[in-house]
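Reader: I am new to this one. Please show me the structure, and then I will ask how you know what you say.

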Amino acid sequence: MSKRIAYEKIFTPQGMLGEVSKKPNLDFLMNIFKIPRIYGVSGFGQWTVGQHTVACAFLALYWSAFNKYRQEKRDRLVTLALVHDAHEAVVGDILPFFKTQEVKEAIASIQKDILNAFAIVEDKELAGELKLIDMISFLYEISQSKPIGLDLSKQKLLQDIYKRQYQEIIAYANRVKIEKKRVEAFLKRMSLVEI
């Protein structure tokens, strides 16, 4: 319990984290548009967590239309996409490698508080598709990046990053039993083709 108490006492511009995560106000949530994506910190792109989140929500709409989902399933997937990184409004975008077990537990607790505030329950049936959409959003983000300077090796590196993310999407789809052809067709429709 002391781990939770420690992070709950962190100040945010909206108040103590332990209070605002349970009753997030609009300022707290809109902070995602001030948080840089970790990919941008590396020197490529200038996206924020907010831009990534909105891209995920739009991709959820496209994915739902592509799969001819019923309105209820579409709306559920879009809602989950909108809040999937809500915790990053306060913790920022952290590389998975640096997420220790203690950090993962704190993040999960903050995320759960935010979801509870809106009576949103995570959906195990949509978890695989939500992660796939999250990964596709990152592929789109990479596709919008531009290398800095005249060094052509940076363009090659950007292409390598894109190609690896594309391959990771296909591998992930295979792991969660989403048909490869369906994912490839969707990526093609979104103009996110393998290079």
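Reader: Why is H52 called buried?

Author: Buried means under 20% relative accessible area, with exposed over 50% and partly exposed in between (1.4 Å probe, protein chains only). H52 has 0%, so it is buried. This is a predicted model: local features need pLDDT of at least 70, side-chain atom pairs count only at pLDDT 80 or more, and totals for chains, interfaces and linings use all residues. Residues are numbered from 1 along each chain as its sequence is written, and side-chain values use heavy atoms, without hydrogens and water.

Reader: What makes the pair H52 and D134 a polar contact?

Author: The definition asks for a pair of N or O atoms within 3.5 Å; within protein, one must be able to donate a hydrogen and the other to accept it, and residues adjacent in sequence count only if both atoms are side-chain atoms. The side chains of H52 and D134 are joined at 2.6 Å, so the pair qualifies.

Reader: Why is helix 9 called largely enclosed?

Author: Of its 17 residues, 13 are buried, so the rest of the structure largely encloses helix 9.

Reader: Which residues does I136 contact, leaving aside neighbours within four places in sequence?

Author: Contact means heavy atoms within 4.5 Å. I136 has such contact with L59, I169, F186, L187 and L192.

Conventions: Helices (H or I, at least four residues) and strands (E, at least two) are DSSP runs, numbered from the N terminus.
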